[in-house]
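Colleague: I am new to this structure, and I would like to go through a few of its local features with you, one question at a time.

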Amino acid sequence: MMGMSRKKLYGLVLFAVLVIATLSTLGVRQRIKRRRLDKEHEVEEESKELLAWLEKEGGNHKHVRIQIFDHGGDAVRGLGASDTIAKGQEVLHVPRSLFLEPGGNSMPRELDKQQALLAADLAAEFHQGSDSQYQRYLEALPAREEFEPFHPLYATNEDLTLFSDLKTASAARKKRMILRDAWNKIRTGKPNKDGLQWQGNYDWADFLHAYVLQESRRIELKLTHGGDEVPAVDTLTVVPLVDMINYSGGAANVFFEMVDEGDALSVKTLREVRKGEELLLSTKGAGIASGGNSVFNAALSPDNADFAYRFGVTLGDNPTKITQLDKEVCEGLMSAIEELHAHQDKKHRVRMLFSSLVYESCQELSSPPSHEQKSPQTGSLPLGRGQ
């Protein structure tokens, strides 16, 4: 009898554990679902407010809204179709008065100098707060804390040194050093041999955040400065709402072009776009310039090293192949990756990004081990370029 009682007791305990585990799982799922619904509602309200802001500032939109899309398991924000859209239809019309451009009529021709000026202009708009024409738009941009875990320009010096054989890491390390040096000299009034100049005295954290924002959101357009008689020049610019459209290596369904004699940017469909479908720009010919980063491919065919540097992600369908590294270099990088697997701190995602670039750059040597995680937000842009 004692043996039977003990078995029954064990059975009851096991049953109770299973019930508690099931209820806990259901509770977690309900909380996840509730958070997802809350996020969708937040994005829906944000979409209404941003599109209303665009109209107020002289722009137009048709059959589009900001939505959450699934990019390889990651919830990414982008621009989607609120109704079926016919081929060739304009979905966004943004006046040039809303373009964020570097330096006004005194804009330099050098693209690296334009980047610094564009970052300073963004920082200035942030500092204006409610007085800024762009306040509602700026509130929708990713915060510094959202970039820090995965963007190369926020990687630690140790990680940038460890992965310095990758052109993404070496370029990020060099750029950050140049920017920090220029920021220090502007702050102290010393001459800057690199020629990077901007107005305003910003905290380093604020300036770097603005720089990463322009890096991940700008496009390159031919624009005139100082009158119609002046020839159009290559200009790096951030165009609100257009910057929330993600890129694709082979599934683009929209394109943009300057219209109204250069006074506006128009986004139109390449084919019929179904209701709920995400709008996507092509990586080729979409103005996705490297901005003077000569270590990367030409502007019309960026590879994943360029995407990782600009956006902190890689494109799964990128048709441009990345340059392969020497076997000896690959072996050293593979050893470094193995050592990093145990470090699951807040910088783990940027290390996984570098790891994915190593595997893509060393395809003849090895394929990713089974325990390797995918690159964060592979196949999309950072935080959907709009989160």
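Modeller: Before we begin, strands are DSSP runs of E with at least two residues, and they are numbered from the N terminus. Please also keep in mind that this is a predicted model.

Colleague: Where is the place of L241, and is L241 buried or exposed?
Modeller: L241 has its place in the loop between β6 (233-237) and β7 (246-248). Its phi is near 75 degrees, which is a positive value in a residue other than glycine. Buried means under 20% relative accessible area, and the relative accessible area of L241 is 0%, so L241 is buried.

Colleague: In which loop is D260 found?
Modeller: D260 is a residue other than glycine with a positive phi, near 55 degrees. With a relative accessible area of 45%, D260 is partly exposed. D260 is found in the loop between β8 (254-259) and β9 (264-269).

Colleague: Which residues does a disulfide join?
Modeller: A disulfide is a covalent bond between the sulfur atoms of two cysteines. The cut-off for such a pair of sulfur atoms is within 2.5 Å, and by this rule the count comes to one disulfide. With an S to S distance of 2.0 Å, the residues joined are C330 and C362.

Colleague: How many residues apart in sequence are the parts that the pair C330 and C362 ties together?
Modeller: C330 lies in helix α9 (residues 327-340), whereas C362 lies in the segment after α10 (348-361), so the parts tied together by this pair are apart in sequence by 32 residues.  C330 is buried at a relative accessible area of 1%, and C362 also counts as buried, at 1% relative accessibility. The separation asked for is therefore 32 residues.

Colleague: What is the torsion about the S-S bond of C330 and C362?
Modeller: The disulfide of C330 and C362 is left-handed. That handedness follows from the torsion about the S-S bond, which is about -90 degrees.

Colleague: Are α8 and α10 roughly parallel or roughly antiparallel to each other?
Modeller: Helix α8 (residues 304-311) and α10 pack with their axes 10 Å apart, at an angle of about 170 degrees. Angles over 145 degrees count as roughly antiparallel, and α8 and α10 are therefore roughly antiparallel.

Colleague: Which residues of α8 and α10 make the contact?
Modeller: The residues of this contact divide into four nonpolar, one polar and one charged. On the side of α8 the contact is made by N304, A305 and A308, and on the side of α10 by L353, L357 and E360.

Terms used
Residues are numbered from 1 along each chain as its sequence is written. This is a predicted model: local features need pLDDT of at least 70, side-chain atom pairs count only at pLDDT 80 or more; totals for chains, interfaces and linings use all residues. Side-chain values use heavy atoms; hydrogens and water are left out. Helices (H or I, at least four residues) and strands (E, at least two) are DSSP runs, numbered from the N terminus. Buried means under 20% relative accessible area, exposed over 50%, partly exposed in between (1.4 Å probe, protein chains only). Axes are lines fitted to C-alpha atoms, for helices over the stretch in contact, and angles run from 0 to 180 degrees between N-to-C directions. Angles under 35 degrees count as roughly parallel, over 145 as roughly antiparallel, 65 to 115 as roughly perpendicular and the rest as oblique. Contact means heavy atoms within 4.5 Å. Ala, Val, Leu, Ile, Met, Phe, Trp, Tyr, Cys and Pro count as nonpolar, Asp, Glu, Lys and Arg as charged, and the others, Gly among them, as polar.
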